Amino acid sequence: MVDQIPEQAWDLVYQRYLRAPENLKIAIPGVGVLDKNAILEHIRRRDEIGRRIVLMELQYLQFLTK
């Protein structure tokens, strides 16, 4: 289930990763290591992994604003 994440947040995170270096990888516990293409695909599909990525990025942005 995808929580109510604003459309702008999905777009912002997608654009952020779209501009990331090609060798970008992130590790998500229980999922494994994802490369840039896999990250973008999960965000595009708005599946559970994409939701976790977006929420992680939103938490990071909140941290930066404090």
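Start with helices H1 and H2 in view: H1 passes H2 in a left-handed crossing, where left-handed means that the near helix is turned anticlockwise from the far one by less than a right angle, and right-handed means clockwise. Helices (H or I, at least four residues) and strands (E, at least two) are DSSP runs, numbered from the N terminus. The model is a predicted one, in which local features need pLDDT of at least 70 and side-chain atom pairs count only at pLDDT 80 or more, while totals for chains, interfaces and linings use all residues. Residues are numbered from 1 along each chain as its sequence is written, and side-chain values use heavy atoms, with hydrogens and water left out.

**Stop 1: H1 against H2**

Two packed helices are described by the angle between their axes and the distance between the axes. For H1 and H2 the angle is about 165° and the axes are 10 Å apart. Axes here are lines fitted to C-alpha atoms, for helices over the stretch in contact, and angles run from 0 to 180 degrees between N-to-C directions. The angle makes H1 roughly antiparallel to H2; the classes are roughly parallel under 35 degrees, roughly antiparallel over 145, roughly perpendicular from 65 to 115, and oblique for the rest.

Select Trp10, Val13, Tyr14, Tyr17 and Leu18 in H1, then Lys36, Ile39, Leu40, Ile43 and Arg44 in H2; these two sets meet. Contact means heavy atoms within 4.5 Å. By class, the residues of the contact of H1 with H2 are eight nonpolar, no polar and two charged. In this scheme Ala, Val, Leu, Ile, Met, Phe, Trp, Tyr, Cys and Pro count as nonpolar, Asp, Glu, Lys and Arg as charged, and the others, Gly among them, as polar.

Now pick Leu18, in helix H1. Leu18 is partly exposed at a relative accessible area of 38%, where buried means under 20%, exposed over 50% and partly exposed in between (1.4 Å probe, protein chains only). Not counting residues up to four places away in sequence, Leu18 touches Lys36 and Leu40.

**Stop 2: the buried side of H2**

Select H2, residues 36–45, and colour its buried residues: Lys36, Ile39, Leu40, His42 and Ile43. They lie on the same side of H2, because they cover an arc of only 160° around the axis, taken from the directions from the helix axis to the C-beta atoms.

What is the relative accessible area of His42? The figure is 11%, so His42 is buried. Leaving aside neighbours within four places in sequence, His42 is in contact with Leu34, Asp47, Ile49 and Gly50.

**Stop 3**

Move on to Arg46, in the loop between H2 and H3. Arg46 has a positive phi of about 55° although it is not a glycine. Most residues other than glycine have a negative phi. At 30% relative accessibility, Arg46 counts as partly exposed.

**Stop 4: H2 against H3**

Bring up H3 beside H2. How far apart are the axes of H2 and H3? They are 7 Å apart, and the packing angle is about 100°. H2 and H3 are therefore roughly perpendicular to each other. Select Ile39, His42 and Ile43 of H2 with Ile49, Gly50 and Ile53 of H3 to see the contact. Its residues divide into four nonpolar, two polar and no charged.

**Stop 5: H1 against H3**

On the H1 side, select Ala9, Trp10, Leu12, Val13, Arg16 and Tyr17; on the H3 side, the contact includes Gly50, Arg51, Ile53, Val54 and Leu58. The contact of H1 with H3 has 11 nonpolar, one polar and three charged residues.

End on Trp10 in helix H1. Trp10 counts as buried, at 3% relative accessibility. Trp10 and Leu58 are 48 residues apart in sequence and 9.8 Å apart in space, C-alpha to C-alpha.
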